[in-house]
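Hi everyone, thanks for coming.

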Amino acid sequence: MTTLRLPARQTCLAALTVTIWTVGNIMVAATAPDPAWLAHDRERPAPPMVIPPTPSLPERPGRPPSDAIVLFNGADLSQWVSMDGSPTRWIVRDGYMECVKGSGYVRTLRNFGDCQLHVEWCAPIPASGDGQGRGNSGVFLGLNRYEVQVLDSHQNRTYSDGSASSVYGQYPPLVNASLPPGQWQTYDIVYVAPRFDAAGRLLTPARLTVFHNGLLTQNNVEPTGPTSWLERAPYQAHPEKQPISLQDHGNPVRYRNIWVRELGKPGKTELTLAVALLDRYTGRYEREKDDIIEIEREDGQLSALFHGVKFRLFAESPTRFFAKTTDLQIEFKPGADGLADRLFWSVGEGATPAPRLR
Ligand code: MG
């Protein structure tokens, strides 16, 4: 705790204050002032200036804050794909995106860890169905693991831990802040990703705070693991940064004005690429005579095996990857057949070409 003279970042969201700093390589929410600074320390950096968001009106969404990453501005789905990375069949119309029954979840191309997420959603009218069958969708953090339920909960009784703004199956909302279907509603979510050690053991659970239409409905709750129907599954290790996804539960729920602010230490952009694309890169590459780099894929992530050391690779673009344990960068160059023809290997400086062994 003596090496904490790092820029802390503070997010004030109505009644909530979350301070995040680095302990080792773990971002944690603080419950006490950072001891690296005196009270009223004049050397302490000023918080960055951010132009706040403007409120949304029924007929048009407000403007995101100046430091937000805009995930949907009403125009296109360039930030969204199906879960397998292929184009989604959700539609864009009149400034909103709408779930198409049977098209599957949509997820962001980009990955996010700790973040503040703003989402506006609208349940369909006329309301049809009841209980879980009315205006059901969901906002997922951690890819498809931790769901803040989206449901038309206006005069629609269902099990409490499945109503709007619940952490599905685990935490009912503190209040029912629902508006009638057909009206735009807001979620403001603060997500702290769970942390796992190198062996995959849980260090700290995820945490979620949710404001529904400006009212606090989840106060820094800790999911017991992934949210799911019928069971409360235990945590399973996953990368800190994962896509955000929206659920297709068969109802034409609409979304607009989606933006996110990353919290904590900034890092490189991370993408979750389609497995079909990653498979074009797997194989053996020869950096120098008998100096082999093996690129493998496990689930949705590539790794590089070099001199007996395995590096997990993170995508920063469709062709560029990096490691987090060493300043290793790899860029793949596609050949005429779409498979990688060579890669460029760089550790700290320079770049060495390594043709693919066919
Ligand atoms: Mg749902």
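Let me start with a question: which residues point one way from S10, and which the other way? Ser 137, Val 139 and Leu 141 go one way, Gly 138 and Phe 140 go the other, and all of them are buried. Buried here means under 20% relative accessible area, exposed is over 50%, and partly exposed is in between, with a 1.4 Å probe and protein chains only.

Quick housekeeping before I go on. This is a predicted model, so local features need pLDDT of at least 70 and side-chain atom pairs count only at pLDDT 80 or more, while totals for chains, interfaces and linings use all residues. Residues are numbered from 1 along each chain as its sequence is written, and side-chain values use heavy atoms, with hydrogens and water left out.

Strand names come from DSSP runs, numbered from the N terminus: strands are E with at least two residues, helices are H or I with at least four.

Okay, back to S10, residues 137-141. Five of its five residues are buried, so S10 is largely enclosed by the rest of the structure. It belongs to an open sheet of five strands, in the order S5-S8-S17-S10-S11, with antiparallel pairing. Two strands count as paired if DSSP finds at least two bridges between them. At the edges you have S5 (80-82) and S11 (146-150), each pairing on one side only.

So who are the partners of S10? On the S11 side there are five bridges, with Phe 140 partnered by Glu 147 and Gly 138 opposite Gln 149. On the S17 side there are two bridges, again antiparallel, and there Phe 140 has Ser 245 as its partner. The hairpin of S10 and S11 has four residues between the strands, and in it Gly 142 takes a positive phi near 70 degrees.

Now the metal. Which residues coordinate the magnesium ion? They are Asn 136 through OD1, Ser 137 through O, Glu 147 through OE, Gln 149 through OE1 and Gln 247 through OE1, at 2.1 to 2.4 Å. A donor is an N, O or S atom within 2.8 Å of the metal (3.2 Å for Na, K and Ca), and water is not among the atoms, so sites may look incomplete. In sequence, the donor spacing reads N-S-x9-E-x1-Q-x97-Q. The site links distant parts of the chain: Asn 136 sits in the loop between S9 and S10, Gln 247 in the loop between S17 (245-246) and S18, 111 residues apart. Both Asn 136 and Gln 247 are buried.

Next, packing. A nonpolar core is a set of buried Ala, Val, Leu, Ile, Met, Phe, Trp, Tyr and Cys residues joined through side-chain atoms within 4.5 Å. The largest one has 39 residues, and Met 97, Leu 117, Val 139, Tyr 255 and Ile 258 touch the most other members. Several strands supply at least two residues each, including S10, S11 and S12 (185-192), but the largest share, four residues, comes from S9. There's also a second, separate core of 22 residues, which includes Tyr 281, Tyr 285, Ile 295 and Leu 313.

On to aromatics. Rings of Phe, Tyr and Trp (its six-membered ring) pair if their centres lie within 6.5 Å; planes under 30 degrees apart are stacked, over 60 edge-to-face, the rest tilted. That gives 15 pairs. One of them is Phe 311 with Trp 345, edge-to-face, at 6.4 Å centre to centre and 75 degrees between the planes. Phe 311 lies in S22 and Trp 345 in S26, so this pair ties together parts that are 34 residues apart in sequence. Phe 311 is buried at 10% relative accessibility, and Trp 345 at 5%. Elsewhere, ring pairs link Tyr 146, Tyr 191, Phe 196 and Tyr 235 into a cluster.

Most residues other than glycine have a negative phi, and most peptide bonds are trans. Against that, Ile 125 and Pro 126 are joined by a cis peptide bond, with omega about -5 degrees, and Pro 126 is in the loop between S9 and S10. Asn 220, in S16, has a positive phi of about 60 degrees and is partly exposed at 36%. His 307 has phi near 55 degrees; this residue sits in the loop between S21 and S22 and is exposed at 60%.

That's my tour; happy to take questions.
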